[in-house]
Amino acid sequence: MSSNENSSNRLYRDTEGAEVAHVLRACPLQRYRLIEIGCGEGFLTWKLSRHAAPQAAIDPNLDRLHAAQVARPPDLPAVSFAQARAEALPFPPGSFDAAIFAHSL
Amino acid sequence: MVHALKEAARVLSLEGCLIDMRPLSIDVPLEVASPSGWQSAGPVDMSPGVPTDLVADNAVLQVVKEGIIKRVSLDRFESAYVWDTYEAMQAYIEERWSPDVIVPPAVAERAQSLAASQPGGGPLRIRLVIQLGVYQRAPALF
């Protein structure tokens with residue numbers, strides 16, 4: 001059970017791991033360069049990074065990006081975070097093998 | 001949303017995988033944990049989010065229709081959001097989900113009553129219905 005916590009609320013999201021399990025069943029991320037579009041505070045980012053090849057994550061909100069970076073588990077490689085809008089991704093064509101909108105479309 | 005989907009397709013390799021995973025605006029129960037299991041306080045009103053769901057669905061359909069992506073699968077499953085206390089849930093909904101999610105007053109009152117009868121005042125959960133659409137980048141130029 002992982003949590004997002006701040007001074008006013010404590011949330012445990014996807015307590016049964018259903019989101020990651022269904023994503024992995026649908027798409028074999030182990031071989032894929034993945035971009036997460038609208039990563040928020042990185043809840044899913046770090047869970048998926050255990051399964052995906054080098055990963056990028058974008059979000060227009062700088063505070064949430066910072067929170068996502070700070071939330072990095074020590075045993076996982078870094079994810080390339082960028083402040084950007086989904087309508088203007090700062091990557092050349094064909095940069096990734098998988099793209100995910102998780103609660104962000 | 002159409003523009004965002006097209007941008008995602010642009011940065012994908014041909015036959016790359018595009019995943020659209022989001023909660024649907026379907027009324028689901030607000031539940032409070034008890035020694036005998038989860039007890040329902042009543043349904044959460046998700047109806048304000050329905051127009052957004054439709055806009056997103058139509059955006060995906062348009063990009064499919066233009067031949068930029070093709071659908072591989074469309075499934076649903078449940079994902080639980082759990083809070084330690086009623087107050088924590090209320091604060092989260094107000095901060096993150098308002099105005100798309102409404103806890104009706106009668107449901108709020110029952111949830112608070114159920115939570116107050118538990119040591120620690122919780123936990124509470126909402127099991128959202130999540131839609132998972134999987135698409136493949138197709139050869140259409142744009």
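Chain B and chain A bury about 3300 Å² between them, and 59% of that sits on carbon and sulfur atoms. Three residues, B:Val11, B:Ile19 and B:Met21, supply 20% of the area that chain B buries against chain A, more than any other three residues. Keep in mind that this is a predicted model.

**Who takes part**
- Chain B puts 38 residues into the contact, and chain A puts in 41 residues.

**Polar and charged links**
- Between chain B and chain A there are 23 residue pairs in polar contact, counting pairs with both residues at pLDDT 80 or more.
- The count of salt bridges between the two chains is two.
- One of them pairs A:Glu41 with B:Arg96, whose closest N and O atoms are 2.8 Å apart.

**Chain B's side, piece by piece**
- Six elements of chain B each supply at least two residues to the side that touches chain A: the helices α1 (2–10), α2 (50–65) and α3 (86–97), plus the strands β1 (12–23), β4 (69–83) and β5 (124–137).
- The largest share comes from β1(B), with 10 residues.
- Sorted by class, the side of chain B that touches chain A has 24 nonpolar, 10 charged and four polar residues.

- Strand β2 of chain A (residues 10–13) is joined to β4(B) by three bridges, and the two strands run antiparallel.
- Within that pairing, A:Leu11 has B:Trp83 of β4(B) as its bridge partner.

Terms used. Residues numbered from 1 in each chain as written. Chains lettered and ligands numbered in written order. Predicted model: local features only at pLDDT ≥ 70, side-chain atom pairs only at ≥ 80, totals over all residues. Heavy atoms only, no water. Contact = heavy atoms within 4.5 Å. Buried area = accessible area lost by both parts, 1.4 Å probe. Salt bridge = Lys/Arg side-chain N within 4 Å of Asp/Glu carboxyl O. Polar contact = N/O pair within 3.5 Å; in protein donor to acceptor, adjacent residues only side chain to side chain. Helix = DSSP H or I, 4+ residues; strand = E, 2+ residues; numbered from the N terminus. Nonpolar A, V, L, I, M, F, W, Y, C, P; charged D, E, K, R; others polar. Pairing = 2+ DSSP bridges.
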